[in-house]
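Student: I'd like to learn how to read helices and their packing in a model. Could you walk me through this one?

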Amino acid sequence: MTTTTTAPGTDQRLYTVADWYDAEALLSTEERQVLGRLRSFLTTEAKPLLAEYWERGEFPEQLARPLIDLDLMEPADLTVDAPARGIFHGFRIFELARTDASLATWYTAQAGLFRTAIRVGASEEQQKEWMPRVIDFSLKGVFSLTEPEHGSDIAGGLATTARYQPGAGTDSDGGTWVLDGAKRWIGGASTADVLCVFARDVADAQVKAFLVDRTAAGVSLEKIHGKTSLRMMQNAHITLDNVRVPDAMRLHNVNSFKDVAAMLRAMRSDVAWIATGIQAGAFEAALAYVKERQQFGRPLGSFQLVQEKLARMLCNITASLSLVVRLTEQQGWGIYRDQDSALAKMQTSLMMRQTVALAREVVGGNGITLAADVARFHADAEAVYSYEGTHEINALIIGRALTGAGAFTN
């Protein structure tokens, strides 16, 4: 929904209702035009399919190629002189998430997670070969870090192993890696070309990263069923049994978990944008509902208690947008700190939880049905609240920065 209204006061500008302070004004005319194409596609092509596919627990694959063809990662009309700006990438995520969290998660799996893995972890030679294919989706990949028994403690607990066998392969240096272990909650794995698998080298106990062919011998994928959140996103449990990977497919700049942490530092801001977009989608759906729904002979939106809840939702969204915009500006200047991305993810997710609950509340009983749209956002928010760092883990990252004392235990 892209409801606009005339702003109160003297400027009489038009703004999207959830973007009360018009943060989108930070975008150039060209950036707005690209986002306009996305917004139109999501409204006309994607939105009519969402309730059906969410209930079925399937991803609407017919949307994948048209989304890719919109050329949103590095749009040609924005990147003549330089790469697309971070603020554009942020609003692209916001626009996807305000429509559906699974769509946003699916797109950022490639444009955020996998692209960052290549940008941070690949050598210069590898980047030259792979990055153009990542951008045009001819090389689709997923970030495979989380394991069945290790999520928050993955830094010290990562159990998937990699053993190097010199002279056993066919690549130029004659080396092959053998991977064993399992990964879980890997979104989009079933349609990826490669899995970016993180494994612990048995020789030095350090974490390395590998691009593993999804169809390689020893790789098996199982769809995770029974989810109550992000139902459209296809998450997989991956088993790796004696999987052989040539050294040429190892990300040569990943040699410890510190290198993985650098990726997470850069990617966590994407999730904060998703959390903000989910709030906008839930709020706009609730606002449309209470304007139309009649109770006691009056529109629901005319009641004081409902208006107070609407105002709280809008406050949360406005504060969240302020956080993610400022964080994105800092990252554009080259400032990447764990505590900054952790703070944005922690707080936007916390406000998201409150916002979607308030949206469901004002819609009443219809708020638990897919017809009013709010139910999707309400359920999907729970997954976003946990992934890319739980509330508690992000709080400890911030606490460590504040006190100089780490509260993590291995």
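Student: Which residues of α1 are buried?

Tutor: Happy to start there, and keep in mind that this is a predicted model. A residue counts as buried when its relative accessible area is under 20%. In α1, the buried residues are E31, V34, L35, L38, R39, F41, L42, A46, L49, L50, Y53 and W54.

Student: Where does α1 bend?

Tutor: A bend is read as the angle between axes fitted on either side of a residue. For α1 the bend is about 50° at A46, one of the buried residues of this helix. Just after α1 comes G57, with a positive phi of about 70°.

Student: How many residues does helix α7 have, and what distance does it reach?

Tutor: Helix α7 covers residues 257–292, 36 residues in total. From first C-alpha to last it reaches 52 Å, close to the 52 Å expected. There is a bend here too, of about 30° at A266.

Student: Why is α7 described as largely enclosed by the rest of the structure?

Tutor: Count its buried residues: 29 of the 36 in α7 are buried, so the rest of the structure largely encloses this helix.

Student: At what angle do α7 and α9 pack?

Tutor: With a helix pair, look at the angle and at the distance between the axes. Helix α9, residues 338–363, packs with α7 at about 20°, and their axes are 8 Å apart. Angles under 35 degrees count as roughly parallel, and α7 and α9 are therefore roughly parallel to each other. Their crossing is left-handed. The contact of α7 with α9 has 17 nonpolar, 7 polar and 4 charged residues.

Student: What is the angle between α3 and α7?

Tutor: Helix α3, residues 86–99, packs with α7 at about 40°, with the axes 7 Å apart. That makes α3 oblique to α7. This crossing of α3 and α7 is right-handed.

Student: And at what angle do α9 and α11 cross?

Tutor: The axes of α9 and helix α11, residues 391–403, cross at roughly 140° and come within 8 Å. Only angles over 145 count as roughly antiparallel, and α9 and α11 are therefore oblique to each other. Their crossing is left-handed.

Notes
Residues are numbered from 1 along each chain as its sequence is written. This is a predicted model: local features need pLDDT of at least 70, side-chain atom pairs count only at pLDDT 80 or more; totals for chains, interfaces and linings use all residues. Side-chain values use heavy atoms; hydrogens and water are left out. Helices (H or I, at least four residues) and strands (E, at least two) are DSSP runs, numbered from the N terminus. The expected span of a helix is 1.5 Å times one less than its number of residues. The bend at a residue is the angle between axes fitted to the seven residues ending there and the seven starting there. Buried means under 20% relative accessible area, exposed over 50%, partly exposed in between (1.4 Å probe, protein chains only). Axes are lines fitted to C-alpha atoms, for helices over the stretch in contact, and angles run from 0 to 180 degrees between N-to-C directions. Angles under 35 degrees count as roughly parallel, over 145 as roughly antiparallel, 65 to 115 as roughly perpendicular and the rest as oblique. A crossing is left-handed if the near helix is turned anticlockwise from the far one by less than a right angle, and right-handed if clockwise. Ala, Val, Leu, Ile, Met, Phe, Trp, Tyr, Cys and Pro count as nonpolar, Asp, Glu, Lys and Arg as charged, and the others, Gly among them, as polar.
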